[in-house]
Amino acid sequence: MAGKRVALALGSGSARGYAHIGVIEELRERGFEIVGIAGSSMGALVGGLQAAGKLDDFTEWAKSLTQRAILRLLDPKIGAAGVLRAEKILDAVREILGEVTIEQLSIPFTAVSTDLLTGKSVWLQRGPVDAAIRASIAIPGVIVPHVLDGRLLADGGILDPLPMAPIAAVNADLTIAVSLAGSETGTESGGDEPDDATSRARMEWLTRVWRSTTALFDSNQSDDATAELVDASKEVSVPKLGSFEVMNRTIDIAQAALARHTLAAYPPDLLIEVPRTVCRSLDFHRAAEVIDIGRALTAEVLDEHEKTTA
C-alpha cells in the first residue's frame, strides 16, 4: 500500500454529501487505504459509516429512498428549536451502524460539531458514533440541536465546513479534502422535476417550515412560497428566491468562505470540489445520481495526480 494511505476531510453540504460516497467508492476501487476521516454534517454521517464498515449498507438504503419517503423521515415539527427532528433518519442510521463507539472503529474518526453556547468548534472523538453524527448534522434552524455531555451542539459546518485540522496528524501518504461548496457552473440541477402542483406544494411546505423558525418575515406576510425578494420592475434578470432558498443560499455562501480559509491554513494534497449546483439541499432522494458525480470528480482528480507523479 505504499503511497496509497489517505486521510479524508469530508465537508458539509446537505444532500450534496452523497458525493462523499462516490469519492470513497472510487478510492477503494483504485486500491487506496483510508487511514483517517474527519467530517462535518453530512461528511460526518458518511465518514462515520465508512469508519464503521457500514457505508455500503447505508448506500443501498439511500438509493432506495423516494421523495415521499424523505418527507416522512425528516419528521417536521413546527415550533421546535429546529423544524425537523430527523430522528427517523437517525433511527435508520442506528439500525445500520449498530451499537458502536468511536473508540472501537478501525479507522480514526472525528465528527465536527459546534457548541452553540460557547461558540466554539467541537471535535467528537469518543463515545457512540450515532450520537456524534447526530450532533454534527443539526443544521441551524432546521434540525433540532443535540444535547451531548452538557453541551448544546449543532452542525459542524457552522464554524468548520471542511475539517482539515483533525486529520493533520494522521500518518497518511495523501490528504484529500472534499468540498461541497465548489464553484457554480450552469444552472442548478433539479433532476426529474415533479409536476407544477407537486412543486408548488413542496415549496410551500419548505417555506412554512422556515418561517416557523424566523422573525424575518412579518406575521401577516403572504404564504406564497415564491414571493419575489427583488423589485420585479428592474430590467436586470435575477432569480426569484423564496425564503427557504435565501436561507439556504446564505448558509452556502458563508460555508464556502470558511472553507477557503481552511484550505489556506491546511492545504490538502488533493482537493475535490463538488459544485453547489449538483442538487438542492433537501434532494436526499437523488443518492444514485450524486454518488456517480462524486465518483467522476474523484476519478478526474486522481487521474491528474497520477500524471503529475508518474
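User: What should I know about the model before reading it?

Analyst: This is a predicted model, in which local features need pLDDT of at least 70 and side-chain atom pairs count only at pLDDT 80 or more, while totals for chains, interfaces and linings use all residues. Residues are numbered from 1 along each chain as its sequence is written, and side-chain values use heavy atoms, with hydrogens and water left out.

User: How many helices and strands are in the chain?

Analyst: Helices (H or I, at least four residues) and strands (E, at least two) are DSSP runs, numbered from the N terminus. The chain has nine helices and eight strands.

User: How much of the chain is made up of buried residues?

Analyst: A residue is buried under 20% relative accessible area, exposed over 50%, and partly exposed in between (1.4 Å probe, protein chains only). Of the 310 residues in the chain, 49% are buried. Accessible areas come from the Shrake-Rupley method with a 1.4 Å probe, and for residues only the protein chains shown count as cover. The accessible surface of the chain is about 14800 Å², and carbon and sulfur atoms hold 52% of that. Helix H2 (residues 42–51) is mostly covered, with ten of its ten residues buried; among them are Met 42, Leu 45 and Gln 50. Just after H2, Gly 53 has a positive phi of about 75°.

User: Which strands are joined to S1, and how do they run?

Analyst: Two strands pair if DSSP finds at least two bridges between them. Strand S1 (residues 5–10) and strand S2 (residues 33–40) run parallel and are joined by six bridges. Val 6 has Ile 34 as its bridge partner in S2. From S1 the chain passes through H1 to S2, and this β-α-β crossover is right-handed, a term used if, with the strands pointing away from the viewer, the path from the first strand over the helix to the second runs clockwise. Five bridges join S1 to strand S7 (residues 174–182), again in parallel, and Ala 177 in S7 is the bridge partner of Ala 9. Five of the six residues of S1 are buried.

User: What counts as a salt bridge, and how many are found in the whole structure?

Analyst: A salt bridge is a side-chain nitrogen of Lys or Arg within 4 Å of a carboxyl oxygen of Asp or Glu. The search of the whole structure finds 14 of them. One joins Glu 33 and Arg 5, at 3.9 Å from N to O. This pair links distant parts of the chain, with Glu 33 in S2 and Arg 5 in S1, 28 residues apart. Glu 33 is partly exposed at 32%, and Arg 5 is partly exposed at 26%.

User: Which residues form salt bridges with Arg 295?

Analyst: Glu 25 is one partner, with the closest N and O atoms 3.7 Å apart. Arg 295 lies in helix H9 (residues 287–309) and Glu 25 in helix H1 (residues 18–29), 270 residues apart. Arg 295 is partly exposed, with a relative accessible area of 21%, whereas Glu 25 is buried at 16%. Glu 29 is another partner of Arg 295, at 2.6 Å from N to O. Glu 29 is also in H1, 266 residues from Arg 295, and counts as exposed at 58% relative accessibility. Salt bridges that share partners join Glu 25, Glu 26, Glu 29, Arg 30, Arg 295, Asp 303 and Glu 306 into one network.

User: How is a pair of aromatic rings described?

Analyst: The description uses the distance of the centres and the angle of the planes. Rings of Phe, Tyr and Trp (its six-membered ring) pair if their centres lie within 6.5 Å; planes under 30 degrees apart count as stacked, over 60 as edge-to-face and the rest as tilted. By this rule there are two aromatic pairs. Tyr 18 and Phe 284 are edge-to-face, at 6.1 Å centre to centre and 85° between the planes. Tyr 18 is buried at 2%, and Phe 284 is buried at 14%. Phe 58 and Trp 61 are tilted, at 5.7 Å centre to centre and 50° between the planes. These two residues are separated by about one helical turn, because they are three residues apart in helix H3 (residues 55–63).
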